[in-house]
Amino acid sequence: MVTDQKACLGRDFFWVLEEAIKGGVDLVQIREKELFERDFITKAQRAKEICAKYNVPLIVNDSLSVAKAVNANGVHIGQSDSSMDIAKELLGENFPVGLSIEKLHQLESSGASKAWYYGVSPVFSTPTKTDTITEWGLEGIQSIKRITNKPLVAIGNIKIDNAKQVIEAGADCLAVVSAICSAESPEEAAASIRNEIEKAILT
Ligand SMILES: Cc1ncc(COP(=O)(O)OP(=O)(O)O)c(N)n1
Ligand SMILES: Cc1ncsc1CCOP(=O)(O)O
Ligand SMILES: [Mg+2]
């Protein structure tokens with residue numbers, strides 16, 4: 001899952017996070033767009049403690065310094081964030097860095113070759129992130145899959161109803177914000193999405 005304070009609809013952020021993990025989320029990206037660095041670090045530290053309790057890795061979105069400060073398990077950068085080279089310089093050559101791919105030609109950059117995984121962004125347009133231009137759709141995932149062997153993390157309007165199709169199209173992992181964070185029961189939502197993933201893998 002990818003966290004979003006607003007998508008938690010006023011409920012306690014850490015409660016939402018822990019419920020989602022109990023439901024079966026096995027990788028968390030903390031995404032904070034409105035916090036000063038110090039507050040981001042404090043929040044990420046507590047999130048990391050909760051994740052660690054369940055043996056779930058924590059990835060930090062955007063901020064290399066926060067990722068470093070909390071000794072995160074990875075960092076996710078987009079095309080307009082810090083470059084892959086700076087990330088590697090600050091965090092070390094072997095630090096896991098994920099990269100958003102919005103257009104096919106972005107796979108050709110030297111930075112892209114150093115990414116641990118690609119965020120296929122967005123698979124479907126979404127009110128959660130409106131500064132996107134096009135959507136990949138299921139065909140887009142299939143196209144990227146044909147070109148690369150790196151793990152594909154699909155993001156953008158993924159929910160119970162389309163999770164199975166997105167995996168069948170070639171995604172290795174689903175990154176979900178609102179369908180989990182805004183669900184009445186984040187635990188049940190996470191479990192249902194996980195169940196769809198398992199169905200897709202087993203059929
Ligand atoms: C797994 C994953 N993929 C894509 C994104 C989007 O990253 P970015 O394009 O940098 O946009 P912001 O999330 O920073 O608004 C992501 N966060 N995670
Ligand atoms: C962070 C991000 N990057 C691409 S789409 C997106 C938001 C996905 O949110 P949701 O799962 O609510 O559609
Ligand atoms: Mg970013």
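Author: Let's start with classes: Ala, Val, Leu, Ile, Met, Phe, Trp, Tyr, Cys and Pro count as nonpolar, Asp, Glu, Lys and Arg as charged, and the others, Gly among them, as polar. This is a predicted model, where local features need pLDDT of at least 70, side-chain atom pairs count only at pLDDT 80 or more, and totals for chains, interfaces and linings use all residues. Residues are numbered from 1 along each chain as its sequence is written, with chains lettered from A and ligands numbered from 1 in the order in which they are written.

Reader: What makes a residue part of the shell around ligand 1?

Author: Its C-beta atom, placed from the backbone, has to lie within 6 Å of the ligand. For ligand 1, 16 residues surround it, and the closest are Gly-78, Ser-100, Gly-119, Ser-121 and Ala-175. By class, that shell has four nonpolar, eight polar and four charged residues.

Reader: How do you know how helices α7 and α9 pack?

Author: Helices here are DSSP runs (H or I, at least four residues), numbered from the N terminus. Axes are lines fitted to C-alpha atoms over the stretch in contact, and angles run from 0 to 180 degrees between N-to-C directions. Helix α7 (residues 160-168) and helix α9 (residues 186-202) come out at about 30°, with axes 8 Å apart.

Reader: Why is the crossing of α7 and α9 called right-handed?

Author: Because a crossing gets that name if the near helix is turned clockwise from the far one by less than a right angle, and left-handed if anticlockwise. The α7 and α9 pair is right-handed, and so is the crossing of α1 and α9.

Terms used
Helix = DSSP H or I, 4+ residues; strand = E, 2+ residues; numbered from the N terminus.
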